[in-house]
Structures are given as structure tokens and as C-alpha cells.
Amino acid sequence: MKTRGRSPFVFYLLLLAACLSLSSCVDEKEYPDNQRGNFEQLWRILDEHYCFFPYKQEQYDLDWTEVYQRYSPQVNDHMTDAQLFEVLTNMLSELRDGHVNLSTNFDLGRYWAWHEDYPSNYSENLIDHYLSTDYKIAGNLRYRILDDNIGYISCTTFETAQSSNALNNIISYLSPCNGLILDIRNNTGGMLTSAEELAARFTNEELLVGYMQHKTGRGHNDFSSMEEQRLKPSSGLRWQKRVVVLTNRKVYSAANEFVKYMKCCQQVTVIGDQTGGGAGMPFSSELPNGWGVRFSACPMYDKEGNSTEFGIVPDIYAALSESDALNGRDTMIEQAREFLNASH
């Protein structure tokens with residue numbers, strides 16, 4: 001197996017870590033380990049390092065100073081840790097960002113409205129029906145050939161890396177098919193490099209797929225210039241026929257980036273619902289009491305320079321039909337099959 005050169009995304013991760021660790025060590029104000037101190041520290045960490053303030057202000061008029069003024073009176077040193085946790089979690093929810101979490105030894109503060117307020121457009125029972133019992137498994141991928149000679153791959157996570165040999169075997173096995181459905185519904189992300197490795201199997205040329213910035217200072221608008229994100233074709237086997245990528249609102253983070261890459265590839269059509277978003281590279285810090293905070297610290301954009309923080313629109317909208325589901329049919333898979341068979 002040939003080893004590819006270091007991915008540009010890995011370089012950006014290392015650069016981001018270096019920049020943030022430097023800024024956190026130089027003239028960082030320290031707060032006492034009490035309820036007020038933890039509140040002040042959390043607000044300031046986000047104020048100085050969170051990357052989407054300009055975008056969120058543009059989208060829904062977020063004012064982080066106003067948020068401080070609203071939540072600060074709710075904090076006092078007589079409140080319990082559980083009460084403080086509730087206030088801090090509510091404050092972080094103002095960012096409407098699934099990458100922003102507060103972790104303690106008794107709970108995890110999170111914002112899930114990015115998918116909870118939308119139809120799921122996903123049924124594991126229906127997926128099992130299409131895969132039947134004779135499907136194949138390679139790492140995080142389940143795949144088979146459907147009865148109309150359309151290949152089907154289910155990928156519900158990028159938490160693990162997929163070996164080059166495994167991807168070669170999958171593409172070789174599905175190569176007689178007339179087209180391919182790549183179902184990433186409910187894939188909430190994982191390793192950006194894993195998403196990149198899979199996407200690299202669907203292009204024969206190097207592609208500009210987007211841009212990235214990193215924070216250069218503590219001001220809300222202190223960013224580097226736009227750095228290109230480029231997808232290089234894999235040195236292994238590559239798919240050469242039509243592809244449909246199925247999406248829903250629970251496609252997030254690295255999976256959101258995967259959709260961004262795939263929309264740049266020829267022969268790829270995205271069908272489904274708008275993705276959940278999550279276009280910020282997450283980074284972690286800590287409060288005086290030891291609670292961990294994770295937040296978006298590095299914004300990423302599509303090839304037109306648009307933020308994908310709130311999701312990516314599909315080429316063709318599709319949704320699950322309740323009547324279809326009752327008859328064991330996944331409306332979105334069936335629409336993808338019809339599209340691929342008509343294009344063949």
C-alpha cells in the first residue's frame with residue numbers, strides 16, 4: 001500500500017493547535033475557582049477564541065456582550081454546581097453550535113437543536129431491510145449490490161480510519177454496478193482525514209473544495225487570510241460512475257465536510273435534506289474548576305467562500321414518506337435508485 005503525503009488538513013490542525021496554545025499562554029487572565037470566576041472564564045474563552053461571532057451576528061444578530069449582560073446576574077457564589085452548569089449551558093446554547101460543549105463529571109452540556117428540530121429522514125429498520133442479511137462489512141462501511149444492480153454503501157461515522165485496501169476491495173466488488181448510493185445519513189462526523197480519504201476515491205483530478213481560516217488574535221474579526229482546501233485523488237482504485245450521496249439533518253462536522261468535498265466531484269449528486277452543518281474545527285480548553293469546554297475555533301468554507309456552519313443544501317430535496325415506510329420502502333433510497341437508473 002502506498003503512503004500518501006501529509007494531508008493539508010493535518011497541517012491546519014497542527015497550526016491551529018500551535019496558535020491556540022500560544023494565545024492561551026501569553027497574558028491570559030486567570031480567574032478564581034468559584035462560581036463567578038468560572039462564569040467569567042468561560043465567557044472570556046469564547047469571546048477571545050470562538051470563530052463564528054461575525055457569521056452568527058450576521059445570521060441572527062448574536063451579540064456576545066449582550067449575552068454576558070443577560071446571564072451574569074444569574075450567577076452567584078451560593079449556587080450549586082448543578083445550577084451553575086445549567087446557566088453556563090444555556091449561555092453556550094446562544095451560539096447554536098453543536099461543536100460547543102461543556103463537560104463535567106456529572107453531565108455534558110450540548111446543543112442538539114441543529115437536528116432535533118427537524119425530521120430525522122432516517123430509519124435503521126429500513127436500512128436493515130435493504131442490506132438484508134448478506135451484506136458485507138469493512139470497518140465503518142456496510143455495502144451490497146441491490147437487485148437493480150445499483151451499489152449501496154452505508155457510512156454512519158468517520159470516527160475510524162478506513163484502510164486503503166478495504167476501499168480498494170469495496171470499489172472492486174461494486175464496480176459492475178450501474179451506479180452507487182453512498183448513504184451518510186445520521187453520520188455526525190469524526191476524523192476529517194477519514195472523510196477526505198473516502199472522498200478522494202471519487203475524483204480523478206485535484207480539486208479546490210473550500211477554504212479555511214485560523215484565529216490570529218483575540219478580536220472577533222482576527223483571522224488569517226483564506227487558505228485553500230484541496231482534495232487530491234487517491235492513489236488507489238477510484239469510482240468512475242454516477243454517485244448519489246444521501247443526506248439528512250444529522251450529517252454533521254466531518255460528514256458535513258465530506259458532503260462539501262463530494263459536491264465538487266463530477267458525477268456526484270446530493271439527494272436528501274440539508275445537512276446539520278458544523279463547519280468549525282473544534283478545540284478544547286478548561287475552566288478553573290476543571291470543567292472542559294469545547295468550541296469552534298477555525299472556520300471553514302465551501303469553494304465559493306460561503307460558510308457551511310448551518311448546513312449544505314442538497315442538489316435534490318427528498319424526505320422519507322410515512323406510507324412508504326409502512327410498506328418497507330425507504331423513499332430516499334428509492335429516489336436515488338430511480339435517478340441512477342435514469343442516468344445510466
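A residue is taken as buried when its relative accessible area is under 20%, and in this predicted model Glu309 is therefore buried, since its relative accessible area is 2%. Glu309 belongs to the loop that runs between β12 (292-302) and β13 (316-317), and its side chain makes a polar contact of 3.3 Å with the side chain of Lys56. When residues up to four places away in sequence are left aside, the residues touched by Glu309 include Tyr50, Phe52, Tyr55, Arg96 and Asp97, together with Gly276, Gly277, Gly278, Ala279 and Gly280.

The protein chain as a whole contains 12 helices and 13 strands. Its radius of gyration is 22 Å, close to the 20 Å given by the globule rule for 344 residues, so the chain is as compact as a globular protein of that length. The C-alpha trace spans about 65 × 45 × 35 Å along its principal axes, and 52% of the 344 residues are buried. Of the contacts between residues at least 6 apart in sequence, 75% join residues at least 24 apart. The chain exposes about 15400 Å², of which carbon and sulfur atoms supply 47%.

Phe310 is partly exposed, with a relative accessible area of 25%. In another pair, the rings of Phe85 and Phe106 have centres 5.4 Å apart and planes at 65°, so the arrangement is edge-to-face. Phe85 is placed in helix α5 (residues 81-93) and Phe106 in the loop between β1 (101-103) and β2 (108-109), so that the pair ties together parts 21 residues apart in sequence. Phe85 is buried at a relative accessible area of 8%, whereas Phe106 is partly exposed at 42%.

Tyr60 and Phe310 also belong to one aromatic cluster, whose members include Phe39, Trp43, Tyr50, Phe52, Phe53, Tyr55, Trp64 and Tyr68. Among these members, Tyr50, Phe52 and Tyr55 are also touched by Glu309. The ring of Tyr60 lies under the charged end of Arg96, which sits 3.7 Å from the ring centre, and Arg96 is likewise one of the residues in contact with Glu309. Elsewhere, Arg249 lies over the face of Tyr118 at 3.7 Å from the ring centre.

Methods
Residues numbered from 1 in each chain as written. Predicted model: local features only at pLDDT ≥ 70, side-chain atom pairs only at ≥ 80, totals over all residues. Heavy atoms only, no water. Helix = DSSP H or I, 4+ residues; strand = E, 2+ residues; numbered from the N terminus. Buried < 20%, exposed > 50% of the residue type's maximum accessible area, 1.4 Å probe, protein only. Polar contact = N/O pair within 3.5 Å; in protein donor to acceptor, adjacent residues only side chain to side chain. Contact = heavy atoms within 4.5 Å. Phe/Tyr/Trp six-rings, centres within 6.5 Å; stacked < 30°, edge-to-face > 60°. Lys NZ or Arg CZ within 6 Å of the ring centre and 35° of its normal. Rg over C-alpha atoms; globule rule 2.2 N^0.38 Å. Areas by Shrake-Rupley, 256 points an atom, 1.4 Å probe, with all protein chains shown as cover.
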